[in-house]
Amino acid sequence: MPEAVAVLEVEDVVRHYGPPRRPVRAVDGISLTIRPGETVALVGESGCGKSTLARVILRLEPPTHGRIRLDGEDITELSGAALRDRRRLAQMVFQDPYASLDPRMTVEAIVREPLDNYRVGAPEERRICVAALLRRVGLVEEFAERFPHELSGGQRQRVGIARALALQPKIIIADEPVSALDVSIRAQVINLLMDIQRELGVAMLFVSHDIGVVAHLSHRICVMYLGRMMETGPTETIIRRPQHPYTRALLDAIPVSHPSLRRPRRLLEGTPPSPSNPPQGCRFHPRCGFAQACCRSAMPELRSLGGGTSVACHLAPLADASSTQGDHVQ
């Protein structure tokens, strides 16, 4: 049986800003693939290039280099009507529900806007569709006549999710969708996204700085640092047997659920270098407790370790990587 066509293929994508002589290297050679019905998490500290990559994938910003294929078609050079037609296959849930909704529009108008733009169905069919979408995200029909300022943060993000689902996309890109929400609401929104992914079979790229959050909803994890991919692999493997020191540091930063689970942690010191002046060699070596001479002179390439895991580290596999990092993720 032939393998299904990937919903999204990102091949050696680069996004630089500023003058060519000294560009800001926001994204610097990222490749990833997402299959139908798969959730891939993209994690890393703020400023590592995650959100920039998400915008480039949707062609909200042009790539400096590389190729982007959506449902098998190269959209890297598309523009105008051709790009608009393909873009309906990929929709975004934005980070800030307070800024991503037009305050002058009702909830019904916000959710209906994609249907209006693509002229999907008759006006009455659109109204019925909006009501069904609101129910799908846990909002009663009465919310249709409200304005964004009358909603809580969690309710606004549910409206954003409903809008993203309106055109029945093949992939949803969720850019830090819970980071602006209260802790008590985050789990509800994450569970909603998991239910939607499971029931509708839509693929998802979930962008987050919190590796503990994505551990519960992703099939695979991709770890970014300063515009580069550090490690990729199945979620369970990454959580329990991380091979890159940066991945281990992200896992060590997850709060433990019980005092009895406390153990020695390697917390990162300092801040990431400037993307306009990245260090020579491995970009993580100034903050890495394992760094050796080779790490300071040569940039490691992403290489396979088997089992679907790849890592950009000269020293991998790490000698003590068998420790149960999963104890932190409850």
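The structure is a predicted model. The residues are T106, which sits in a loop that leads from β6 to α3, and A249, which belongs to helix α9. The helices are α3 and α4, whose axes come within 9 Å.

**Residue T106**
- T106 is located in the loop between β6 (90-93) and α3 (107-117).
- The relative accessibility of T106 is 18%, and T106 therefore counts as buried, the cut-off being under 20%.
- Beyond its neighbours within four places in sequence, T106 is in contact with A144, E145, R146 and F147.

**Helices α3 and α4**
- Two packed helices are described by the distance between their axes and by the angle between them.
- Helix α4 spans residues 123-136, and its axis crosses that of α3 at roughly 120 degrees.
- The two helices, α3 and α4, are therefore oblique to each other.
- The crossing of α3 and α4 is right-handed.
- On the α3 side, the residues that meet α4 are V107, E108, V111, R112, L115 and D116; on the α4 side, they are R126, R127, C129, V130, L133 and L134.
- By class, this contact of α3 with α4 comprises seven nonpolar and five charged residues, with no polar residues.

**Residue A249**
- Helix α9, which contains A249, covers residues 245-252.
- A249 has a relative accessible area of 9% and is therefore buried.
- In sequence, A249 and P19 are 230 residues apart; in space, their C-alpha atoms are 33 Å apart.

Note on methods. Residues numbered from 1 in each chain as written. Predicted model: local features only at pLDDT ≥ 70, side-chain atom pairs only at ≥ 80, totals over all residues. Heavy atoms only, no water. Helix = DSSP H or I, 4+ residues; strand = E, 2+ residues; numbered from the N terminus. Buried < 20%, exposed > 50% of the residue type's maximum accessible area, 1.4 Å probe, protein only. Contact = heavy atoms within 4.5 Å. Axes fitted to C-alpha atoms, helices over the stretch in contact; angles between N-to-C directions. Parallel < 35°, antiparallel > 145°, perpendicular 65-115°, else oblique. Left-handed = near helix turned anticlockwise from the far one by under 90°. Nonpolar A, V, L, I, M, F, W, Y, C, P; charged D, E, K, R; others polar.
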